[in-house]
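Good morning, and thank you for making time for this presentation. I would like to take you through the architecture of a two-chain complex, and I ask you to keep the structure in view as I speak.

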Amino acid sequence: MTYLRRDVLRLIVGANACAIAGLEVSEAASPTGFDAQSLANFFSGVQPEESDAVVLDLPVFAESGSQVPVSVSANLPDVDSISILVEKNAQPLAAVLQISGPAAPYLQTQVHIEKTSNVIALVRLRNSDKLLIAKADVFVSSQDGCP
Amino acid sequence: MLARDAAINATRKDDSARVRVLIRPKLQVAIKNGGKNGETLAPLREVICTLNDATVAVLTAGHNFNDSGYFELELRGSKAGDAFNVSWVDVAGNKGRGGVVLK
């Protein structure tokens with residue numbers, strides 16, 4: 001397979017634009033990340049509680065933040081949804097999984113993390129307004145997060 | 001056109017099944033497989049997962065979800081012959097679907 005010169009140029013320009021745009025957005029938005037109150041505002045006034053029943057598994061160090069594996073499980077009945085948030089990303093919400101029926105409260109995926117940050121797993125229960133969270137730090141070596 | 005819409009791998013043990021879903025190959029894979037000039041892929045918006053035509057999970061992907069649309073679920077009480085299907089839509093309105101029969 002041969003690459004055209006214009007393909008190579010397009011990739012280089014795209015990568016640079018990604019780096020510049022990522023830097024500007026991440027500096028403009030959420031410089032300090034979430035505190036408990038901003039999390040509550042994010043989820044319509046309900047105050048989240050930290051719980052050992054929510055298990056968040058992710059690496060401590062990530063060489064590149066472009067695809068960091070994250071796994072969330074909850075040893076709880078009646079789980080309505082699982083959300084993954086990256087605290088210091090310009091747009092923190094990475095994924096929401098609503099489950100029903102035979103689906104277990106378990107989600108494994110990969111998320112983009114722009115810089116060293118807290119990752120928050122948030123579990124909403126079906127028959128109550130409770131929000132349960134688990135937090136973990138991940139250190140990202142690549143600051144821009146571009147692959 | 002990309003090589004495939006979705007790749008699904010299901011591993012069943014006792015009455016529990018782990019289902020791994022890869023919605024689309026990454027941009028680099030699209031180029032390698034002869035995609036037209038490495039076209040830009042729109043980010044994924046929503047994936048609806050069904051088991052025997054009943055919705056079991058709805059994944060809403062945010063801005064930081066991975067490019068390849070990878071995620072893994074666990075289904076309890078599943079048995080051989082159950083049909084697991086996904087249908088997805090991205091932010092540009094492109095749609096796709098895929099499925100697997102649990103063994």
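This is a predicted model: local features need pLDDT of at least 70, side-chain atom pairs count only at pLDDT 80 or more; totals for chains, interfaces and linings use all residues.

Let me begin with an open sheet of six strands, whose order is 2(A)-4(A)-7(A)-5(B)-2(B)-1(B), with antiparallel pairing. Its edge strands are strand 2 (54-57) of chain A and strand 1 (7-13) of chain B, each of which pairs on one side only. From one strand to the next, the twist averages 15°, where axes are lines fitted to C-alpha atoms, for helices over the stretch in contact, and angles run from 0 to 180 degrees between N-to-C directions. Strands here are DSSP runs of E of at least two residues, helices are runs of H or I of at least four, and both are numbered from the N terminus. Two strands pair if DSSP finds at least two bridges between them.

Residues are numbered from 1 along each chain as its sequence is written, and chains are lettered from A and ligands numbered from 1 in the order in which they are written. For the complex, the predictor gives an ipTM of 0.84 and a pTM of 0.76. Chain B averages a pLDDT of 81, and 79% of its residues score at least 70; pLDDT is the predictor's confidence in each residue, from 0 to 100.

Within the sheet, strand 4 (residues 68-74) of chain A is joined to strand 7 of chain A by six bridges, and the two run antiparallel. A:Ser73 there stands opposite A:Tyr106 in strand 7. As a general point, strands of a sheet pair through backbone hydrogen bonds, either parallel or antiparallel.

**The two chains in turn**

Chain A has two helices and nine strands, and from the N terminus on its elements run α-α-β-β-β-β-β-β-β-β-β. Of its 147 residues, 34% count as buried, meaning that 20 or more other C-beta atoms lie within 10 Å of a residue's own; 12 or fewer make a residue exposed, anything in between makes it partly exposed, and C-beta atoms are placed from the backbone.

Chain B has one helix and seven strands, in the pattern β-β-α-β-β-β-β-β. Of the 103 residues of chain B, 27% count as buried.

In chain B, strand 6 (residues 83-90) pairs with strand 3 (residues 44-51) in the antiparallel sense over seven bridges. B:Val47 has B:Trp88 as its bridge partner in strand 6. Strand 6 also pairs with strand 7 (residues 95-101) of chain B, antiparallel and over seven bridges, and B:Val89 stands opposite B:Lys95. Strands 6 and 7 of chain B form a hairpin with four residues between them, and B:Gly93 in the turn has a positive phi of about 90°.

**Where the chains meet**

How many residues of chain A are in contact with chain B? There are 25 residues of chain A in contact with 25 residues of chain B, a contact being two C-beta atoms, placed from the backbone, within 7 Å. Strand 6 of chain A gives the most to its side, with seven residues. That side of chain A divides into 14 nonpolar, 10 polar and one charged. In this count Ala, Val, Leu, Ile, Met, Phe, Trp, Tyr, Cys and Pro are nonpolar, Asp, Glu, Lys and Arg are charged, and the others, Gly among them, are polar.

Strand 6 of chain A is also joined to strand 4 (residues 54-61) of chain B by five bridges, running antiparallel. A:Gln98 stands opposite B:Val58 in strand 4 of chain B.

**Core and loops**

The largest nonpolar core has 48 residues, and those with the most contacts inside it are A:Ile84, A:Ala121 and B:Leu73. Such a core is a set of buried Ala, Val, Leu, Ile, Met, Phe, Trp, Tyr and Cys residues joined through C-beta atoms within 7 Å.

Finally, three loop residues. A:Glu87 lies between strand 5 (79-86) and strand 6 (93-99) of chain A and is buried, because 20 other C-beta atoms lie within 10 Å. B:Asp14, in the loop between strand 1 and strand 2 (16-22) of chain B, has a positive phi of about 55° although it is not a glycine. B:Asp14 is exposed, because it has 7 other C-beta atoms within 10 Å. B:Asn52, in the loop between strand 3 and strand 4 of chain B, is partly exposed, with 15 such atoms within 10 Å.
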